[in-house]
Amino acid sequence: MGVFDKAEKRIESAVGKVFARAFKGYVHPVEIVAGIQRELDAEAKLLSRDKRLVPNAFRIGLSQADYDRLAPYSKTLNAEILPGIRDHAADRHYVFNGPISIDYVLDESLPTGQFTVASEAVSSQNSARPTSAGQLVLEVNGVRHPLVPPGLVIGRGTEADLRLNDPGVSRRHAVINVSGDPAHPVITIEDLGSTNGVHVNGSRISKTRVGEGARIEIGNTRMLIYTPSES
């Protein structure tokens with residue numbers, strides 16, 4: 001109950017009480033948080049004595065009325081939903097195998113006020129999402145990570161979307177934020193108070209905008225942002 005209340009307060013604080021009241025009688029964002037948390041608990045697979053693998057890709061099925069209300073706010077909602085999902089996973093020693101994605105889809109068979117949650121554990125080694133033509137990616141150790149909203153947290157800890165097995169990387173080292181038009185995204189990288197810092201194109205930064213050709217160094221790991229050519 002505490003987690004539910006905390007998530008509701010965080011969402012209402014971020015998007016405003018008017019926004020929260022608009023969903024009374026419909027699917028409320030905090031219900032989606034609880035639904036994803038239940039999905040994590042139900043689908044957790046034992047990896048080791050104290051770690052369990054959980055899904056990282058979620059599809060939320062919504063009725064026509066709920067889809068019309070929620071879909072326009074999907075970026076804002078996801079930005080507020082994701083911290084609660086990461087906190088829930090960290091509390092239970094869950095491990096994500098790639099960046100978390102939450103997509104909203106129309107299911108005309110659903111009545112207003114009801115929703116479904118489908119999930120999948122997708123390895124970042126196989127790309128969490130297919131890379132579309134012209135889409136920027138972050139390449140790390142030969143693996144491409146599509147840069148899609150809302151972005152991803154990079155670090156060594158279980159709460160990170162992109163986990164690096166690098167002793168020079170902090171548990172929550174940096175965050176890459178992605179917003180704007182998918183064809184012309186706005187991408188920034190921010191140091192989350194790490195010990196060894198974040199370097200972009202050779203210079204240490206606290207927060208900066210990045211784009212095509214940006215070279216990022218975190219600990220002993222080097223990364224590159226670029227647009228792959230079609231093969």
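At 16% relative accessibility, E159 counts as buried. The model is predicted, and its count of salt bridges comes to five.

- R171 sits in the loop between β10 and β11 (174-179), while E159 sits in the loop between β9 and β10.
- The two residues are twelve residues apart, and their pair links distant parts of the chain.
- R171 has a relative accessible area of 46%, so it is partly exposed, whereas E159 is buried because its 16% falls under the 20% limit.

**Salt bridge D161–R86**
- D161 and R86 form a salt bridge in which the closest N and O atoms are 2.5 Å apart.
- D161 lies in the loop between β9 (151-155) and β10 (162-163), and R86 lies in helix α5, so the pair ties together parts that are 75 residues apart in sequence.
- D161 is buried, with a relative accessible area of 4%.
- R86 also counts as buried, at 11% relative accessibility.

**Salt bridge D41–R92**
- The closest N and O atoms in the salt bridge between D41 and R92 are 3.7 Å apart.
- D41 belongs to helix α3 (residues 29-43) and R92 to the loop between α5 (74-91) and β4 (94-96), so this pair ties together parts that are 51 residues apart in sequence.
- D41 is partly exposed, at 36% relative accessibility.
- R92 is partly exposed as well, with a relative accessible area of 37%.

**Nonpolar cores**
- The largest nonpolar core contains 23 residues, and L138, I154, I189 and I216 are those with the most contacts inside it.
- At least two residues of this core come from each of β7 (137-140), β9, β11, β12 (186-191), β13 (198-200), β16 (215-218) and β17 (221-226).
- β11 supplies the largest share of the core, three residues.
- Leaving aside neighbours within four places in sequence, I154 is in contact with residues including L138, A160, L162, L164, I176, I218 and M223.
- The contacts of I154 also include R172, H173 and A174.
- Another core, of 22 residues, lies apart from the largest one; V33, V54, L70 and Y94 are among its members.

Methods. Residues numbered from 1 in each chain as written. Predicted model: local features only at pLDDT ≥ 70, side-chain atom pairs only at ≥ 80, totals over all residues. Heavy atoms only, no water. Salt bridge = Lys/Arg side-chain N within 4 Å of Asp/Glu carboxyl O. Helix = DSSP H or I, 4+ residues; strand = E, 2+ residues; numbered from the N terminus. Buried < 20%, exposed > 50% of the residue type's maximum accessible area, 1.4 Å probe, protein only. Core = buried A, V, L, I, M, F, W, Y, C linked by side-chain atoms within 4.5 Å. Contact = heavy atoms within 4.5 Å.
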